[in-house]
Amino acid sequence: MIKNYVKTAFHSLLRNKGFTFINVFGLALGLTTCLLIVFYVVDELSYDRYNANSGRIYRVNTDLKTGGGTTFFAIAAAPAGEVMAREFPEVEKSARLTPAVNLRFKKGNEIIREDGKALYCDPGIFDIFTLPMLSGDPKTALTEPNSIVITESAAKKYFNNTNVVGQTLFVVTDSSVHKITGVIKDLPAQSHFKADFLLTLNNPGNNWMMFVFNTYILLKPGVDYKRLEARFDSFVRRHMNSTAFNYDKFASKGNFIKLSLTPLTDIHLKSNRQRELGANGDLQYIYIFSAIAIFILILACVNFMNLSTARSANRAREVGVRKVLGSPRKYLIAQFLFESVLITFVATLIAVLSAWALLPLFNQLSGKDLVITAQIFKWLLPSLTIIIIVVGILAGAYPAFFLSAFQPIDVLKGKLSAGFKGGALRGILVVFQFSISIFLIIGTLVVYGQLTYIKNKDLGFNRNEVLVIKNANALDNPNILKQEIKQLPGVIDATLSSFLPTGSKRGPSQFDSWSGKSLQGESWTVDQDYLNTMGMKLIEGRNFSNQFLTDSSAMIINETAAKKLGYTGSSSEKINNHYYIIGVVKDFNFSSLRDNVTPLAMVMAHDYWMASLSIKVKTDNLPALMNRIENKWKTFAPNQHLEYSFMDDDFNAMYSNEQRMGRLFVTFTILAIMISCLGLFGLAAYAAEQRNREIGIRKILGASVSTIATMLSKDFLKLVLISIFIATPLAWWVMHQWLQDFAYHQNIQWWVLIITAFGAGSIAFITISFQSISAALENPVESLRSE
């Protein structure tokens with residue numbers, strides 16, 4: 001019996017090659033897209049779950065309210081974790097991490113900068129996080145001063161092997177020698193912090209006013225962290241009140257310091273605080289892409305079911321003949337279901353192979369490094385099996401249960417209605433398909449419109465043609481390099497500063513004004529050339545100048561700070577009882593355009609330990625200028641590589657996540673349109689085939705090609721028009737809500753909706769017309785010969 005099912009199924013599928021191809025290709029395309037999105041979503045959701053105790057690890061956060069504004073930090077006071085472990089029985093262990101800034105190691109005669117790859121850590125880091133050690137003892141690895149644990153990649157980079165415990169690394173930054181006490185496996189890509197070097201953290205003591213550490217605690221099994229959080233207010237008040245800081249007085253003015261906990265597995269997607277250890281993802285995009293994956297899978301399945309039900313009418317005569325010959329209804333049901341499941345199985349197999357082949361390209365689009373591992377197949381195979389069975393049965397249900405119920409005499413007399421007319425279910429499914437496609441088109445246009453707006457918005461500074469030398473702080477006196485580079489032809493100006501509008505480094509600070517107001521903002525150290533190099537505009541007062549010795553106590557504030565402080569221009573108006581204001585700079589965006597500009601103050605300083613050198617250049621002959629700058633660099637630092645970037649590239653990197661999402665949106669939208677058009681093409685071909693005799697008669701009676709093409713197309717175009725009216729307002733509302741996440745955004749333009757409607761209609765018309773015109777051009781004799 002099974003052999004007969006297989007033979008009949010292959011015969012039926014090969015007899016209708018066009019429909020079989022459209023069915024298999026459309027379903028495989030949808031499943032491939034869905035699989036790639038699922039791989040992406042699963043990877044995002046798997047962050048930090050490699051830790052054996054991931055469900056019990058929490059980060060301690062600090063919310064600071066002062067001067068009417070609240071700042072959310074991913075750090076806590078220095079002793080917070082240790083004291084929690086001592087006072088709260090629910091807390092089992094604690095550990096602190098903090099980035100090692102300006103860290104430079106010596107390898108032979110070469111000096112290598114490892115910023116962003118090193119952390120100072122408590123010894124307890126190995127008790128909390130799962131960091132498999134290849135050599136060394138995790139219990140003692142970071143207990144001694146000047147100890148360092150490195151990853152196997154770092155060991156190979158500096159020593160060409162991993163058997164390096166006991167050897168030393170020379171830290172150029174502070175001229176210290178660190179002994180290697182352990183080698184660990186490379187941290188997984190799905191870790192919210194990245195590091196190749198873990199260094200001993202010197203104990204800062206019991207300083208509750210030092211907020212610099214990312215603090216983690218390990219709770220005992222079964223502890224409800226929310227109940228623990230509820231006791232933090234009294235904990236803060238108990239420890240923050242001291243002779244150095246009167247917390248009760250601070251809180252009486254409406255201010256507060258609050259501690260909270262973030263589960264380790266929530267950090268990557270649900271945390272966007274200041275002083276994060278790395279760039280996190282966005283849960284919103286997980287929801288969006290999950291919805292797109294579901295929609296595209298539904299599109300592909302709807303296509304498959306639509307074409308299967310449409311084609312089944314052509315097999316009504318076959319059903320009648322088989323029932324006359326004595327075939328039981330249950331065998332007919334089994335035959336149709338078997339064929340449907342077979343097509344689904346083949347499409348799924350093609351989809352798995354396609355997803356595997358396209359994974360490298362998808363990684364480039366998404367910025368990921370996804371690989372298909374044995375772990376993935378543990379959930380992938382059961383999921384695909386369910387899809388094959390469910391989709392196969394749903395697609396085969398109509399012909400299996402509906403057609404098999406007809407009386408053979410009615411079928412053989414041609415009483416079974418056929419054709420597109422009367423196919424209400426198919427009409428609803430076509431509307432559903434194109435509604436999704438139109439929704440995605442509008443979404444894509446809005447996303448790209450916002451990215452274009454961000455790229456072209458006047459940010460209050462000129463990021464073009466600014467070269468940033470990132471490791472200028474490696475020099476003993478970078479100011480000498482700055483002065484010599486300013487003399488080079490092609491250099492307009494140059495500045496040394498630890499803070500850049502496109503950088504990640506920030507200087508949170510509190511401003512106490514002359515009138516008693518307190519304001520939370522940022523304080524940046526700059527030099528006298530900063531404003532000119534960055535193209536910033538003073539709207540009041542003057543710039544810094546080395547000619548004024550008093551400028552060491554001067555401050556330039558931005559418009560937002562001036563408004564919130566109530567600055568009037570009086571020389572008696574001082575900040576923090578020390579700094580007098582000499583100028584107001586026009587607001588410029590130094591954070592994401594998702595956020596409003598916050599208060600900012602600039603002070604002039606000559607401490608360049610953390611500084612980068614920004615150079616405003618002419619790009620007429622940039623290669624020659626870069627050679628001159630590199631030669632200058634080599635005279636000051638012959639053993640160090642010049643690390644540089646252009647500020648506009650740094651700015652674009654700030655929105656790399658949005659740009660990746662935009663590219664993925666375009667890709668998924670194109671695929672959704674292709675799937676919808678495949679279904680529409682198949683249904684148009686089916687409708688033309690069912691009305692073949694009618695077309696022949698109309699042509700003999702004088703109907704033109706355009707008349708016949710219009711007749712075949714109008715029913716489909718009505719459905720597309722309905723889709724436009726359904727999807728457009730829904731897409732407008734959803735994308736309007738998405739834009740509200742940006743403090744600076746464009747409004748959805750009316751032409752976006754018009755272009756989408758016109759584009760969707762044109763695509764549908766071209767798809768249908770191709771088949772309709774082909775049918776209209778056929779010789780009527782051929783279609784009527786069998787009548």
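**Close-up views of a predicted model**

**View 1. Val346 sits in helix α12, which covers residues 329-366.** Helices here are DSSP runs of H or I with at least four residues, strands are E runs of at least two, and both are numbered from the N terminus. This is a predicted model, so local features need pLDDT of at least 70 and side-chain atom pairs count only at pLDDT 80 or more, while totals for chains, interfaces and linings use all residues. Residues are numbered from 1 along each chain as its sequence is written, and side-chain values use heavy atoms, with hydrogens and water left out. Val346 comes out as partly exposed because its relative accessibility is 34% (buried is under 20% relative accessible area, exposed over 50%, partly exposed in between; 1.4 Å probe, protein chains only).

**View 2. Phe345, Val346, Leu349, Ile350 and Leu353 make a nonpolar surface patch of about 440 Å².** Patch members have over 30% relative accessible area and no salt bridge; nonpolar side chains (Val, Leu, Ile, Met, Phe, Trp, Tyr) are joined within 5 Å, like charges within 9 Å. A salt bridge would be a side-chain nitrogen of Lys or Arg within 4 Å of a carboxyl oxygen of Asp or Glu.

**View 3. Thr495 belongs to strand β16, residues 491-497.** With a relative accessible area of 1%, Thr495 is buried. Its side chain makes a 2.5 Å polar contact with that of Asp527 (N or O atoms within 3.5 Å, one able to donate a hydrogen and the other to accept it; residues adjacent in sequence count only if both atoms are side-chain atoms). Beyond neighbours within four places in sequence, Thr495 has contacts including Lys482, Tyr530, Met534 and Leu613 (heavy atoms within 4.5 Å).

**View 4. Phe105 and Tyr158 pair edge-to-face, with 5.9 Å between centres and 80 degrees between planes.** Rings of Phe, Tyr and Trp (its six-membered ring) pair if their centres lie within 6.5 Å; planes under 30 degrees apart are stacked, over 60 edge-to-face, and the rest tilted. Phe105 is in strand β5 (residues 104-107) and Tyr158 in helix α5 (residues 152-159), so the pair ties together parts 53 residues apart in sequence. Both Phe105 and Tyr158 are buried.

**View 5. Trp524 and Phe590 are edge-to-face too, because their ring centres are 5.3 Å apart and their planes at 70 degrees.** Trp524 lies in strand β18 (residues 518-526) and Phe590 in the loop between β22 (579-585) and β23 (600-604), 66 residues apart. Trp524 is buried at 0% relative accessibility, and Phe590 is buried at 4% relative accessible area. Together with Phe461, Phe499 and Phe588, Trp524 and Phe590 form one aromatic cluster.

Note on methods
Accessible areas come from the Shrake-Rupley method with a 1.4 Å probe; for residues, only the protein chains shown count as cover.
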